[in-house]
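Trainee: Could you show me how to read a few features of a protein model, one after another?
Mentor: Gladly, let us look at the model together.

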Amino acid sequence: KYHYLEIPILLEYNRNQEGRGFFAQFGPSFSVAVAGSQDINGKTSESINKPINFAFNAYGRMEANLVANLGYQFSPGLQCTIGYVHGLGSIVDNDYGPEITPRMITASIFYWPAGKKR
């Protein structure tokens, strides 16, 4: 389990008319891991949960991704999106360790009070 601070830089194509319509977003995002934990299964089928070791030869803190989102704005103040995030490299920095490349499917619903601009 990873906990990230993610900074996306997305371009948006927007077909909104009168505050309603479809939009698409695409671009890179950069993430910094702030914490994490891992479950390790031993020979005795016992699961041990321990914090992730962030180090040069273990798990890395930095990650780069490509992001694509499709969404619909129902009215000023309500929209939903679905998206896909594709990691550009392994989050394991050890040359002899496993290659773990993040891939995520996302779904979001946004609501902001009327009169506020997005």
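This is a predicted model: local features need pLDDT of at least 70, side-chain atom pairs count only at pLDDT 80 or more; totals for chains, interfaces and linings use all residues.

Trainee: Let me begin with aromatic rings. How many aromatic pairs does the structure hold?

Mentor: A pair of aromatic rings is described by the distance of the centres and the angle of the planes. Here the structure holds 2 aromatic pairs. Take Phe22 and Tyr72: their ring centres are 4.8 Å apart and the planes stand at 70 degrees, so this pair is edge-to-face. The cut-off behind that label is an angle over 60 degrees.

Trainee: Where in the chain do Phe22 and Tyr72 lie?

Mentor: Phe22 belongs to strand β3 (residues 21-41), while Tyr72 belongs to strand β5 (residues 62-75). They are 50 residues apart, and the pair links distant parts of the chain.

Trainee: And which residues form the other pair?

Mentor: Tyr72 and Phe74 do, again with edge-to-face geometry. Their centres are 4.9 Å apart and there are 65 degrees between the planes. Taken together, the ring pairs link Phe22, Tyr72 and Phe74 into a cluster.

Trainee: What else is Phe22 in contact with, beyond its neighbours within four places in sequence?

Mentor: Phe22 is in contact with Tyr13, Asn14, Arg15, Asn16, Gly71 and Tyr72, once those neighbours are set aside. For a contrast in scale, look at Phe22 and Arg103: they are 81 residues apart in sequence, and their C-alpha atoms are 24 Å apart in space.

Trainee: Let me try another residue of strand β3. Is Ser31 buried or exposed?

Mentor: Ser31, which is placed in strand β3, has 4% relative accessibility and so counts as buried. Its side chain makes a polar contact with the side chain of Asn65, at 3.5 Å. Leaving aside neighbours within four places in sequence, the contacts of Ser31 are Tyr4, Leu5, Glu6, Arg61, Met62, Glu63 and Asn65.

Trainee: Now the surface. Which residues make the nonpolar surface patch?

Mentor: Leu5, Ile7, Ile9, Phe30, Val32, Val34 and Met62 make a nonpolar patch of about 700 Å². To read such a patch, ask which elements supply it. Both β1 (2-8) and β3 give at least two residues each, and the largest share, 3 residues, comes from β3.

Trainee: How do I read a loop residue, say Pro98? Where does Pro98 lie?

Mentor: Read a loop residue by the elements on either side, then by exposure and contacts. Pro98 lies in the loop between β6 (78-87) and β7 (103-111). A relative accessible area of 52% makes Pro98 exposed. Apart from neighbours within four places in sequence, Pro98 is in contact with Ser90 and Val92. Along the chain Pro98 and Leu70 are 28 residues apart, and their C-alpha atoms are separated by 32 Å.

Trainee: One last case, then. How many residues apart are Gln17 and Gln73 in sequence?

Mentor: They are 56 residues apart in sequence, and 9.8 Å apart in space from C-alpha to C-alpha. Gln17 sits in the loop between β2 (11-14) and β3, and its relative accessible area of 56% makes Gln17 exposed.

Key
Residues are numbered from 1 along each chain as its sequence is written. Side-chain values use heavy atoms; hydrogens and water are left out. Rings of Phe, Tyr and Trp (its six-membered ring) pair if their centres lie within 6.5 Å; planes under 30 degrees apart count as stacked, over 60 as edge-to-face and the rest as tilted. Helices (H or I, at least four residues) and strands (E, at least two) are DSSP runs, numbered from the N terminus. Buried means under 20% relative accessible area, exposed over 50%, partly exposed in between (1.4 Å probe, protein chains only). A polar contact is a pair of N or O atoms within 3.5 Å; within protein, one must be able to donate a hydrogen and the other to accept it, and residues adjacent in sequence count only if both atoms are side-chain atoms. Contact means heavy atoms within 4.5 Å. Patches are made of residues with over 30% relative accessible area and no salt bridge: like charges are joined within 9 Å, nonpolar side chains (Val, Leu, Ile, Met, Phe, Trp, Tyr) within 5 Å. Accessible areas come from the Shrake-Rupley method with a 1.4 Å probe; for residues, only the protein chains shown count as cover. A salt bridge is a side-chain nitrogen of Lys or Arg within 4 Å of a carboxyl oxygen of Asp or Glu.
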